[in-house]
Amino acid sequence: MEHRSLSLQTLAAQALGETDPATGALAPVITMSTNYEQRPDGSYPQGRAYTRADNPTSEHAERLLAALEGGECALFSSGMAAVTAVFQSLLPGDHVLVSRVLYWGVRKWLAEFGLTWGLDVEFSDTTDPGAAATAIRPGRTRLLWLETPANPMWEITDLAAACELAHAAGVRVAVDNTVATPVLTRPFEFGADLVVHSASKYLNGHGDVLAGAVLSARRDPFWERIRSWRRNAGAMPGPFEAWLLQRGMRTLFLRVHRASDTALAIATHFAGHPALSAVLYPGLPGHPGHAIAARQMDGGFGGMLSIRMAGGAGAARAVLGEVRVFKRATSLGGVESLIEHRRSGEGPSSPVPDDLLRISAGIESPADLIADLETALEKGQPR
């Protein structure tokens, strides 16, 4: 199949249009073998020696995601394995700038392990180009880590401006694209050097796979170092997980567009609701990052939003107890709509407001979700 002549949606739906050469099967086969037979001279017919480094099923999923994002791809055993591979490919003493608002697991790892690894970690407001410019230390800053929309406040960073600023100082830029996905944003087109995914979320989309991915705009020594880290640390996903991942990506465009439409409907309906002090969603015209999001997100603003309760933390927990359609669970990007009180899971050191509920819109009827949240807000009010 000629990839360049087809849309990304078609490539995803047909999983690159590849068929099994042995049988002609449309569904890709799963190669479960962990090792491969050598020739008498010790060489390998297809260059594969051991699944910790190479596997045909994983390679198929990598080719598909590489086509969607537009870069080199390496799958990992989890999103955090992918994230930490990037940071651990740096050297002790390297200064890294990280978005002030970002996924809690990354913040926690940086605080507990990144610092003892020897990294000089600094959190910065990447939505403010001036703040980021001031924080860069010429000759010492090696990485700018961005997340946009940023979990769970959904702040928006101008990717093109941030990449231009970083590259002028010789700083590599990594973008966590888990929430936007390549359906809505392709960070390489804005100048990013690396793109990272928790593939357990939207890419898989069904809540039954643990996987991650790192992609690079080019094959350079740092990219090879990341790949070497994966191989030597044993951070590869299993073949079945890789197969489920490619299957999930076949419906990626349908799911992301539906979730984005539903999230916008929920956000629009509840904006200004008397029980809420704020609805945080970049698709709302009043969101501080709306104009930037509209410029760098194509086809929607994502399926994630948060609401802040006017009644505080107690009201937030009361609403959680009243939902019936929304599922009280962590994670995001699946077909079911989820709601959770983020501060409870993150602990007292979390920067997330105690009155915030994070919502992952699924693919159910938007009317059912809105009615469920309306009822929960009404029943959750103090008597």
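Biologist: In this predicted model, what volume does the second largest pocket have?
Modeller: The model is a predicted one. In it, the second largest pocket has a volume of about 290 Å³.

Biologist: Which element gives the largest share of the lining of the second largest pocket?
Modeller: The lining of this pocket consists of 15 residues, with Glu-18, Val-29, Pro-56, His-60 and Arg-63 nearest the centre. The elements contributing two or more residues to it are α2 and α9 (239–249). The largest share, five residues, comes from α2.

Biologist: How many charged residues does the lining of the second largest pocket have?
Modeller: Sorted by class, this lining has five nonpolar and five polar residues. The number of charged residues in it is five.

Biologist: Where is Arg-48 found?
Modeller: The helix α1 spans 8–13, and α2 spans 56–69. Arg-48 is found in the loop between α1 and α2.

Biologist: Is Arg-48 buried or exposed?
Modeller: A residue counts as buried when its relative accessible area is under 20%. The relative accessibility of Arg-48 is 14%, so this residue counts as buried.

Biologist: Which side chain makes a polar contact of 2.6 Å with the side chain of Arg-48?
Modeller: Leaving aside residues up to four places away in sequence, Arg-48 touches Tyr-36, Asp-54, Asn-55, Pro-56 and Glu-59. A polar contact of 2.7 Å joins its side chain to that of Gln-46. The polar contact of 2.6 Å is made with the side chain of Glu-59.

Biologist: What is the volume of the largest pocket?
Modeller: The largest pocket is lined by 22 residues, and Tyr-103, Thr-178, Ser-198, Lys-201 and Leu-332 are those nearest its centre. Its volume is about 360 Å³.

Biologist: Which element provides the largest share of the lining of the largest pocket?
Modeller: By class, this lining has eight nonpolar, nine polar and five charged residues. Two or more lining residues of the largest pocket come from each of β6 (194–198) and α3 (79–88). The largest share, three residues, is that of α3.

Biologist: How many cavities of 30 Å³ or more does the count come to?
Modeller: The largest cavity holds about 50 Å³ of space. The second largest cavity holds about 30 Å³. The count of cavities of 30 Å³ or more comes to two.

Biologist: How many charged residues line the largest cavity?
Modeller: Among the residues that line the largest cavity are Arg-100, Asp-125, Glu-147 and Glu-155. Its lining also has two nonpolar and five polar residues. The charged residues number four.

Biologist: How many nonpolar residues does the lining of the second largest cavity have?
Modeller: Tyr-202, Arg-255, Ala-259, Gly-333, Gly-334, Val-335, Ala-361 and Ile-363 line this cavity. Two of these residues are polar and one is charged. The nonpolar residues number five.

Biologist: What radius of gyration does the protein have?
Modeller: The protein has 14 helices and twelve strands. Its C-alpha atoms fill a box of roughly 80 × 50 × 35 Å along the principal axes. With 383 residues, a compact globule would have a radius of gyration near 21 Å, so there is agreement with the value of the protein, 21 Å.

Biologist: What percentage of the contacts with a separation of 6 or more is between residues 24 or more positions apart?
Modeller: Buried residues make up 54% of the 383 residues in the protein. Of the contacts with a separation of 6 or more, the share that joins residues 24 or more positions apart is 71%.

How values were computed: Residues numbered from 1 in each chain as written. Predicted model: local features only at pLDDT ≥ 70, side-chain atom pairs only at ≥ 80, totals over all residues. Heavy atoms only, no water. Helix = DSSP H or I, 4+ residues; strand = E, 2+ residues; numbered from the N terminus. Buried < 20%, exposed > 50% of the residue type's maximum accessible area, 1.4 Å probe, protein only. Polar contact = N/O pair within 3.5 Å; in protein donor to acceptor, adjacent residues only side chain to side chain. Contact = heavy atoms within 4.5 Å. 1 Å grid on protein atoms, 1.4 Å probe; cavity = no way out; pocket = protein on both sides within 12 Å on 5 of 7 lines; lining within 4 Å. Points joined across faces, edges and corners; volume = space filled by probe spheres on them. Nonpolar A, V, L, I, M, F, W, Y, C, P; charged D, E, K, R; others polar. Rg over C-alpha atoms; globule rule 2.2 N^0.38 Å.
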